[in-house]
Amino acid sequence: MTQALFTYLLTLGDDSLVLGQRLCEWSGTAPTIEVDLSLSNLALDLIGQATLLLDYAGEVEGRRRDADALAFHRDAEQFRNSLLVEQANGDFAETMARQLLFSTYQRHLYEALCASADQRIADIAAKAVKEVRYHAGLAADWVVRLGQGTEESHARMADGMDGAWRFIDDLFTMDDGEQALATAGIAADKAALRPLILAELRAVLHHAGLDDRSDALPWQVTGGRCGRHGEQLGRLLAEMQVLPRAHPEAAW
(Lines give C-alpha, C1' and ligand atoms only; values in the text may rest on other atoms or scores of the structure.)
Protein backbone atom coordinates (compact mmCIF):
# COMPACT_ATOMS: atom_id res chain seq x y z
CA MET A 1 0.00 0.00 0.00
CA THR A 2 2.96 2.33 0.62
CA GLN A 3 4.07 2.16 -3.02
CA ALA A 4 0.49 2.72 -4.19
CA LEU A 5 0.17 5.80 -1.97
CA PHE A 6 3.51 7.17 -3.20
CA THR A 7 2.46 6.75 -6.83
CA TYR A 8 -0.96 8.28 -6.17
CA LEU A 9 0.60 11.34 -4.56
CA LEU A 10 2.85 11.67 -7.62
CA THR A 11 -0.17 11.67 -9.95
CA LEU A 12 -1.78 14.47 -7.94
CA GLY A 13 1.40 16.48 -7.50
CA ASP A 14 2.70 16.03 -11.04
CA ASP A 15 -0.59 17.19 -12.55
CA SER A 16 -0.37 20.46 -10.63
CA LEU A 17 3.36 20.92 -11.14
CA VAL A 18 3.35 20.42 -14.90
CA LEU A 19 0.27 22.56 -15.54
CA GLY A 20 1.68 25.25 -13.25
CA GLN A 21 4.86 25.29 -15.32
CA ARG A 22 2.85 25.50 -18.55
CA LEU A 23 0.85 28.47 -17.26
CA CYS A 24 4.09 30.22 -16.26
CA GLU A 25 4.96 30.29 -19.95
CA TRP A 26 2.20 32.88 -20.47
CA SER A 27 3.98 35.36 -18.20
CA GLY A 28 4.65 38.48 -20.22
CA THR A 29 2.87 37.19 -23.33
CA ALA A 30 -0.80 36.92 -22.31
CA PRO A 31 -3.43 38.96 -24.23
CA THR A 32 -3.79 41.60 -21.48
CA ILE A 33 -2.09 42.54 -18.21
CA GLU A 34 -5.10 41.27 -16.26
CA VAL A 35 -4.96 37.88 -17.97
CA ASP A 36 -1.18 37.76 -17.50
CA LEU A 37 -1.61 38.24 -13.75
CA SER A 38 -4.52 35.81 -13.43
CA LEU A 39 -2.66 33.01 -15.21
CA SER A 40 0.42 33.66 -13.09
CA ASN A 41 -1.73 33.38 -9.97
CA LEU A 42 -3.20 30.10 -11.19
CA ALA A 43 0.33 28.82 -11.78
CA LEU A 44 1.39 29.79 -8.25
CA ASP A 45 -1.65 28.03 -6.76
CA LEU A 46 -0.86 24.85 -8.69
CA ILE A 47 2.83 24.86 -7.80
CA GLY A 48 1.90 25.39 -4.15
CA GLN A 49 -0.36 22.33 -4.32
CA ALA A 50 2.40 20.36 -5.99
CA THR A 51 4.86 21.28 -3.24
CA LEU A 52 2.55 19.96 -0.51
CA LEU A 53 1.75 16.76 -2.38
CA LEU A 54 5.30 15.98 -3.49
CA ASP A 55 6.69 16.69 -0.01
CA TYR A 56 4.22 14.14 1.34
CA ALA A 57 5.14 11.71 -1.44
CA GLY A 58 8.79 12.02 -0.42
CA GLU A 59 7.94 11.26 3.20
CA VAL A 60 5.93 8.18 2.18
CA GLU A 61 8.76 6.98 -0.08
CA GLY A 62 11.30 7.25 2.73
CA ARG A 63 14.32 8.03 0.53
CA ARG A 64 14.90 11.56 1.83
CA ARG A 65 13.57 13.19 -1.33
CA ASP A 66 11.55 16.35 -0.83
CA ALA A 67 9.33 18.19 -3.31
CA ASP A 68 12.31 19.89 -4.96
CA ALA A 69 14.14 16.60 -5.48
CA LEU A 70 11.04 14.99 -6.99
CA ALA A 71 10.34 17.98 -9.21
CA PHE A 72 13.85 18.60 -10.50
CA HIS A 73 15.60 15.23 -10.41
CA ARG A 74 13.23 12.84 -12.14
CA ASP A 75 13.21 12.07 -15.85
CA ALA A 76 10.07 12.32 -17.98
CA GLU A 77 9.22 8.60 -17.78
CA GLN A 78 9.10 8.90 -13.97
CA PHE A 79 6.40 11.56 -14.06
CA ARG A 80 2.78 10.46 -13.55
CA ASN A 81 0.91 13.53 -14.78
CA SER A 82 -1.95 13.27 -17.24
CA LEU A 83 -1.15 13.96 -20.87
CA LEU A 84 -3.64 16.84 -20.90
CA VAL A 85 -1.60 19.09 -18.63
CA GLU A 86 1.66 18.71 -20.55
CA GLN A 87 0.23 19.83 -23.88
CA ALA A 88 1.72 23.04 -25.28
CA ASN A 89 -0.26 26.20 -24.59
CA GLY A 90 -1.14 26.92 -28.22
CA ASP A 91 -3.27 30.05 -28.48
CA PHE A 92 -5.28 31.49 -25.59
CA ALA A 93 -8.39 29.51 -26.53
CA GLU A 94 -6.45 26.23 -26.42
CA THR A 95 -5.09 27.14 -23.00
CA MET A 96 -8.60 27.86 -21.71
CA ALA A 97 -9.95 24.61 -23.16
CA ARG A 98 -7.23 22.67 -21.35
CA GLN A 99 -7.87 24.63 -18.17
CA LEU A 100 -11.62 24.06 -18.28
CA LEU A 101 -11.26 20.28 -18.57
CA PHE A 102 -8.55 19.99 -15.95
CA SER A 103 -9.89 22.44 -13.36
CA THR A 104 -13.41 21.00 -13.55
CA TYR A 105 -11.91 17.54 -13.04
CA GLN A 106 -9.61 18.75 -10.25
CA ARG A 107 -12.38 20.57 -8.39
CA HIS A 108 -14.55 17.46 -8.18
CA LEU A 109 -11.51 15.35 -7.31
CA TYR A 110 -10.41 17.59 -4.44
CA GLU A 111 -13.95 17.93 -3.14
CA ALA A 112 -14.04 14.14 -2.88
CA LEU A 113 -10.55 14.01 -1.32
CA CYS A 114 -11.63 16.36 1.47
CA ALA A 115 -13.21 13.22 2.95
CA SER A 116 -10.11 11.03 2.40
CA ALA A 117 -9.27 8.52 5.13
CA ASP A 118 -5.71 9.87 4.88
CA GLN A 119 -5.88 13.05 6.98
CA ARG A 120 -2.85 14.59 5.28
CA ILE A 121 -4.48 14.25 1.85
CA ALA A 122 -7.79 15.55 3.24
CA ASP A 123 -6.08 18.63 4.66
CA ILE A 124 -4.24 19.40 1.41
CA ALA A 125 -7.45 18.95 -0.58
CA ALA A 126 -9.42 21.21 1.76
CA LYS A 127 -6.90 24.00 1.22
CA ALA A 128 -6.54 23.47 -2.53
CA VAL A 129 -10.22 23.12 -3.39
CA LYS A 130 -10.84 26.79 -2.61
CA GLU A 131 -8.24 27.73 -5.22
CA VAL A 132 -9.44 25.21 -7.76
CA ARG A 133 -13.01 26.45 -7.62
CA TYR A 134 -11.72 29.83 -8.76
CA HIS A 135 -9.64 28.18 -11.51
CA ALA A 136 -12.66 26.30 -12.85
CA GLY A 137 -14.85 29.41 -12.77
CA LEU A 138 -12.24 31.52 -14.54
CA ALA A 139 -11.81 28.94 -17.30
CA ALA A 140 -15.57 28.54 -17.74
CA ASP A 141 -16.04 32.31 -18.02
CA TRP A 142 -13.41 32.55 -20.76
CA VAL A 143 -14.76 29.56 -22.68
CA VAL A 144 -18.22 31.15 -22.68
CA ARG A 145 -16.84 34.58 -23.58
CA LEU A 146 -14.84 33.23 -26.51
CA GLY A 147 -17.56 30.84 -27.63
CA GLN A 148 -20.14 33.64 -27.70
CA GLY A 149 -17.73 36.21 -29.12
CA THR A 150 -16.69 36.82 -32.69
CA GLU A 151 -16.72 34.27 -35.47
CA GLU A 152 -12.97 33.88 -35.10
CA SER A 153 -13.01 33.52 -31.30
CA HIS A 154 -15.79 30.93 -31.57
CA ALA A 155 -13.82 28.94 -34.15
CA ARG A 156 -10.64 29.07 -32.08
CA MET A 157 -12.49 27.98 -28.95
CA ALA A 158 -14.13 25.08 -30.81
CA ASP A 159 -10.73 23.97 -32.15
CA GLY A 160 -9.23 24.23 -28.67
CA MET A 161 -11.94 22.04 -27.17
CA ASP A 162 -11.63 19.48 -29.96
CA GLY A 163 -7.92 19.13 -29.20
CA ALA A 164 -8.36 18.90 -25.43
CA TRP A 165 -11.04 16.18 -25.58
CA ARG A 166 -8.42 13.71 -26.89
CA PHE A 167 -6.92 13.43 -23.40
CA ILE A 168 -10.03 13.12 -21.23
CA ASP A 169 -9.70 9.35 -20.69
CA ASP A 170 -6.13 9.78 -19.47
CA LEU A 171 -7.37 12.01 -16.65
CA PHE A 172 -9.56 9.24 -15.30
CA THR A 173 -7.11 6.32 -15.60
CA MET A 174 -6.73 4.32 -12.37
CA ASP A 175 -4.23 1.48 -11.91
CA ASP A 176 -4.69 -1.41 -9.45
CA GLY A 177 -2.91 0.47 -6.67
CA GLU A 178 -5.16 3.51 -7.01
CA GLN A 179 -8.23 1.27 -7.12
CA ALA A 180 -7.11 -0.30 -3.84
CA LEU A 181 -6.62 3.14 -2.31
CA ALA A 182 -10.11 4.15 -3.46
CA THR A 183 -11.57 1.01 -1.88
CA ALA A 184 -9.79 1.94 1.36
CA GLY A 185 -11.28 5.44 1.23
CA ILE A 186 -7.93 7.13 0.67
CA ALA A 187 -8.17 7.96 -3.03
CA ALA A 188 -11.23 9.22 -4.91
CA ASP A 189 -13.18 6.92 -7.21
CA LYS A 190 -12.68 8.66 -10.54
CA ALA A 191 -15.22 6.43 -12.28
CA ALA A 192 -17.91 7.76 -9.93
CA LEU A 193 -16.78 11.35 -10.48
CA ARG A 194 -16.66 11.15 -14.26
CA PRO A 195 -20.41 11.58 -15.01
CA LEU A 196 -20.60 14.56 -12.63
CA ILE A 197 -17.63 16.22 -14.31
CA LEU A 198 -18.92 15.60 -17.83
CA ALA A 199 -22.35 16.96 -16.90
CA GLU A 200 -20.77 20.19 -15.69
CA LEU A 201 -18.68 20.48 -18.85
CA ARG A 202 -21.79 19.96 -21.00
CA ALA A 203 -23.52 22.85 -19.24
CA VAL A 204 -20.58 25.20 -19.85
CA LEU A 205 -20.29 24.20 -23.51
CA HIS A 206 -24.03 24.61 -24.06
CA HIS A 207 -23.83 28.13 -22.62
CA ALA A 208 -20.86 28.87 -24.88
CA GLY A 209 -22.67 27.60 -27.98
CA LEU A 210 -20.02 24.92 -28.54
CA ASP A 211 -20.39 21.28 -29.55
CA ASP A 212 -20.43 18.72 -26.75
CA ARG A 213 -18.05 15.86 -27.55
CA SER A 214 -18.46 13.99 -24.24
CA ASP A 215 -20.85 11.39 -25.68
CA ALA A 216 -18.79 10.78 -28.84
CA LEU A 217 -15.18 11.33 -27.82
CA PRO A 218 -12.48 11.59 -30.47
CA TRP A 219 -9.73 8.99 -30.56
CA GLN A 220 -8.19 8.97 -27.10
CA VAL A 221 -4.48 9.23 -26.23
CA THR A 222 -3.50 7.68 -22.89
CA GLY A 223 -0.39 6.61 -21.02
CA GLY A 224 0.61 9.60 -18.91
CA ARG A 225 -0.31 7.91 -15.63
CA CYS A 226 2.17 5.10 -16.31
CA GLY A 227 4.99 7.30 -17.55
CA ARG A 228 4.39 7.29 -21.33
CA HIS A 229 4.67 10.92 -22.34
CA GLY A 230 5.16 12.91 -25.52
CA GLU A 231 8.20 14.96 -26.42
CA GLN A 232 6.48 18.10 -25.12
CA LEU A 233 6.99 17.01 -21.51
CA GLY A 234 10.68 16.37 -22.15
CA ARG A 235 11.11 19.91 -23.46
CA LEU A 236 9.17 21.39 -20.55
CA LEU A 237 11.30 19.49 -18.02
CA ALA A 238 14.53 20.45 -19.76
CA GLU A 239 13.70 24.11 -19.20
CA MET A 240 12.29 23.63 -15.70
CA GLN A 241 15.14 21.45 -14.43
CA VAL A 242 18.21 22.96 -16.12
CA LEU A 243 19.49 25.00 -13.18
CA PRO A 244 19.01 22.41 -10.38
CA ARG A 245 20.54 19.73 -12.61
CA ALA A 246 23.52 21.93 -13.44
CA HIS A 247 24.14 22.70 -9.73
CA PRO A 248 22.73 19.69 -7.82
CA GLU A 249 24.54 20.52 -4.56
CA ALA A 250 23.57 24.19 -4.48
CA ALA A 251 21.58 25.54 -1.55
CA TRP A 252 19.06 28.22 -2.55
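**Figure 1. Lys190 is a buried residue of a predicted model.** In this predicted model, Lys190 has a relative accessible area of 1%, so this lysine counts as buried. Lys190 sits in helix α10, which covers residues 190-208. Leaving aside residues up to four places away in sequence, Lys190 touches Tyr105, Leu171, Phe172, Thr173, Met174, Glu178 and Arg225. Thr173 is one of these contacts. Lys190 and Thr173 are 17 residues apart in sequence, and their C-alpha atoms are 7.9 Å apart in space.

**Figure 2. The whole protein is built from helices.** The protein has eleven helices and zero strands. From the N terminus on, the order of elements is α-α-α-α-α-α-α-α-α-α-α. The radius of gyration is 18 Å, close to the 18 Å that the globule rule gives for 252 residues, so the protein is as compact as a globular protein of that length. Along its principal axes, the C-alpha trace spans about 55 × 40 × 30 Å. Of the 252 residues, 53% are buried. Take the contacts between residues at least 6 apart in sequence: 79% of them join residues at least 24 apart. The protein exposes about 11,500 Å², and carbon and sulfur atoms supply 53% of that area. The side chains include 23 positive and 38 negative ones. The centres of these two sets lie 3 Å apart.

**Figure 3. Phe92 and Trp142 form an edge-to-face pair.** The structure holds four aromatic pairs. In the pair shown here, the ring centres of Phe92 and Trp142 are 4.9 Å apart and the planes stand at 90 degrees, so the pair is edge-to-face. The angle is over 60 degrees, the cut-off for that class. Phe92 lies in helix α5 (residues 92-113) and Trp142 in helix α6 (residues 119-147), so the pair ties together parts that are 50 residues apart in sequence. Are the two residues buried or exposed? Phe92 is buried, with a relative accessible area of 11%. Trp142 is buried too, at 17%.

Figure 4. A pair of aromatic rings is described by the distance of the centres and the angle of the planes. For Phe102 and Tyr105, the ring centres are 5.8 Å apart and the planes are at 45 degrees, so the pair is tilted. Both residues lie in helix α5. They are three residues apart, about one turn of the helix. Phe102 is buried, with a relative accessible area of 1%. Tyr105 is buried as well, at 2% relative accessibility.

**Figure 5. Arg64 has a positive phi.** Most residues other than glycine have a negative phi. What is the phi of Arg64? The value is positive, about 60 degrees, although Arg64 is not a glycine. Arg64 is found in the loop between α2 (33-61) and α3 (67-72). Its relative accessible area is 86%, so Arg64 counts as exposed.

**Figure 6. Ala50 is buried in helix α2.** Ala50 lies in helix α2. Ala50 has a relative accessible area of 1%, so this residue counts as buried. Which residues does Ala50 touch, not counting residues up to four places away in sequence? They are Gly13, Ser16 and Leu17. Ala50 and Asp68 are 18 residues apart in sequence. In space they are 10.0 Å apart, C-alpha to C-alpha.

**Figure 7. Gln49 is a buried residue of helix α2.** Gln49 is found in helix α2. Its relative accessible area is 2%, so Gln49 counts as buried. Not counting residues up to four places away in sequence, Gln49 touches Ser16, Gln106, Tyr110, Ala128, Glu131, Val132 and His135. Ser16 is on the contact list of Gln49 and on that of Ala50. Gln49 and Glu25 are 24 residues apart in sequence and 18 Å apart in space, C-alpha to C-alpha.

Definitions and conventions: Residues are numbered from 1 along each chain as its sequence is written. This is a predicted model: local features need pLDDT of at least 70, side-chain atom pairs count only at pLDDT 80 or more; totals for chains, interfaces and linings use all residues. Side-chain values use heavy atoms; hydrogens and water are left out. Helices (H or I, at least four residues) and strands (E, at least two) are DSSP runs, numbered from the N terminus. The radius of gyration is taken over C-alpha atoms; the globule rule is 2.2 Å times the number of residues to the power 0.38. Buried means under 20% relative accessible area, exposed over 50%, partly exposed in between (1.4 Å probe, protein chains only). Contact means heavy atoms within 4.5 Å. Accessible areas come from the Shrake-Rupley method with a 1.4 Å probe; for residues, only the protein chains shown count as cover. Lys and Arg count as positive and Asp and Glu as negative; His and the chain ends are not counted. The place of a charge is taken as NZ of Lys, CZ of Arg, CG of Asp or CD of Glu. Rings of Phe, Tyr and Trp (its six-membered ring) pair if their centres lie within 6.5 Å; planes under 30 degrees apart count as stacked, over 60 as edge-to-face and the rest as tilted.
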